[in-house]
Amino acid sequence: MSDRATTPASPAGPAATPDLHADCANCFALCCVALPFAKSSDFAVNKAAGTPCKNLRQDFRCGIHTQLRSKGFQGCTTFDCFGAGQQVSQVTFGGRDWRTHPGTAGRMFDVFPVMRQLHELLFYVTEALARPAARPVHRALRQVFDETSGWAAADAEALTGLDVGALRQRINTLLLETSELVRAKAPARKKNHRGADLMGARLAGADLRGANLRGAYLIAADLSRADLRLADLIGADFRDTDLRGADLRDALFLTQAQLNAARGDAHTQIPDGLTRPAHWS
């Protein structure tokens, strides 16, 4: 029996498409409370899950927002919830925050990581649906989009019981098919670096059009002036990657968080819908 047959339909049914861009003004700082972080080059201190960051103010704003990198909280500047924060805050919990309604805190913090995964999946499926080359799988993609949107609109009890891993696995199969269809249009020889350890690799000026870089470790790699058009970048680790002058137009499944983690400049070409990070030179 297939996964599709054994997976229950989302309880809310097809729902309105949620906003997949973070709106911190309508979130109760869930990333600053619900998630843990460890002292490292990304975070200056240790913090347990469910514990508010020491820099969080009473109004749910960050007290060092403009100084995060200089204060040792670079990880905060690269995180992206794909709009899950405001969805949990304003939709799942109807605007009841965890400070004035402390009884909601535990469930809210449990739901947030699940919602983030749902919104991330919706982000990828949305991009796949925008790719004409992936038309053969568009019908199946629309079905999982509606199912996932329904889960995003579900209540907290349903969300905490969701096997999001099984849903991700089914969607990933369609994303892999999308990748094959889209990358087939690339004119260059399609390199396969899926999951490869390319940390510190010297790839300046490399022709990586249509390459498979899914889950590749590109930490501190030199991709300056590289051509990454139509490359599959889902899950690739871009921490401190040099993207100065690189061409990322039409790169597949590139996220804002990946750009935020990398180093680029005014000559880095990025896809429509993503924003040039403020810290890029």
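**Contacts, Cores and Pairings in a Predicted Model**

Student: Which residues does methionine 108 touch, if those up to four places away in sequence are not counted?

Tutor: Methionine 108 touches Phe28, Leu30, Val88, Phe93, Arg96 and Trp98, once residues up to four places away in sequence are set aside. Please keep in mind that this is a predicted model.

Student: How should I read the confidence of the model, and where does pLDDT stay under 50?

Tutor: The general idea is that, where pLDDT is low, the predicted coordinates should not be read in detail. Here the protein chain has an average pLDDT of 93, and 94% of the residues score at least 70. Residues 1-8 are where pLDDT stays under 50; the model has 10 contacts for them beyond four places in sequence.

Student: Let us return to methionine 108. Which residues touch the most other members of the largest nonpolar core?

Tutor: In soluble globular proteins, nonpolar side chains tend to be buried together. In this structure the largest nonpolar core has 51 residues, and those touching the most other members are Leu30, Val88, Trp98, Met108, Phe109 and Leu118.

Student: Which helices each supply at least two residues of this core, and which gives the most?

Tutor: At least two residues of this core come from each of α3 (84-92), α4, α5, α6 (156-160) and α7. Helix α4 gives the most, with 14 residues. Another core lies apart from this one; it has 27 residues, including Leu208, Leu228, Ala246 and Leu248.

Student: How many aromatic pairs does the structure hold?

Tutor: There are eight aromatic pairs in the structure. The angle between the planes tells one how to name a pair: under 30 degrees counts as stacked, over 60 as edge-to-face. Phenylalanine 37 and phenylalanine 43 form a stacked pair, because their ring centres are 4.3 Å apart and their planes lie at 10°.

Student: Are phenylalanine 37 and phenylalanine 43 buried or exposed?

Tutor: The cut-off for buried is under 20% relative accessible area. Phenylalanine 37, with 12%, is therefore buried, and phenylalanine 43, with 17%, also counts as buried.

Student: Why is the pair of tyrosine 124 and phenylalanine 253 edge-to-face?

Tutor: The planes of these two rings are at 80°, with the centres 5.6 Å apart, so the pair is edge-to-face. Tyrosine 124 lies in helix α4 (residues 105-129), whereas phenylalanine 253 lies in the loop between α7 (164-183) and α8 (256-261); the pair therefore ties together parts that are 129 residues apart in sequence. Tyrosine 124 is buried at a relative accessible area of 5%, and phenylalanine 253 is buried at 0%.

Student: Which residues do ring pairs link into a cluster?

Tutor: The cluster linked by ring pairs consists of Phe28, Phe60, Trp98 and Phe109.

Student: I should now like to read the charged pairs. How many salt bridges does the structure hold?

Tutor: The structure holds 15 salt bridges. One of them joins arginine 168 and glutamate 120, with 3.1 Å between the closest N and O atoms. Since arginine 168 belongs to helix α7 and glutamate 120 to helix α4, this pair ties together parts that are 48 residues apart in sequence. Arginine 168 is partly exposed, at 27% relative accessibility, while glutamate 120 is buried, at 13%.

Student: Which side chain meets that of arginine 263 in a salt bridge?

Tutor: It is that of aspartate 240, with 2.9 Å from N to O. Arginine 263 lies in the segment after α8 and aspartate 240 in the loop between α7 and α8, so the pair ties together parts that are 23 residues apart in sequence. Both ends are partly exposed: arginine 263 has a relative accessible area of 34%, and aspartate 240 has 39%.

Student: Is aspartate 242 buried or exposed?

Tutor: Aspartate 242 counts as buried, at 5% relative accessibility. Its side chain meets that of arginine 244 in a salt bridge of 2.7 Å, N to O, and arginine 244 is partly exposed at 39%. Elsewhere, salt bridges with shared partners join Asp207, Arg209, Asp227, Arg229, Asp247 and Arg249 into one network.

Note on methods: Residues are numbered from 1 along each chain as its sequence is written. Side-chain values use heavy atoms; hydrogens and water are left out. pLDDT is the predictor's confidence in each residue, from 0 to 100. Contact means heavy atoms within 4.5 Å. Rings of Phe, Tyr and Trp (its six-membered ring) pair if their centres lie within 6.5 Å; planes under 30 degrees apart count as stacked, over 60 as edge-to-face and the rest as tilted. Buried means under 20% relative accessible area, exposed over 50%, partly exposed in between (1.4 Å probe, protein chains only). Helices (H or I, at least four residues) and strands (E, at least two) are DSSP runs, numbered from the N terminus. A salt bridge is a side-chain nitrogen of Lys or Arg within 4 Å of a carboxyl oxygen of Asp or Glu. A nonpolar core is a set of buried Ala, Val, Leu, Ile, Met, Phe, Trp, Tyr and Cys residues joined through side-chain atoms within 4.5 Å.
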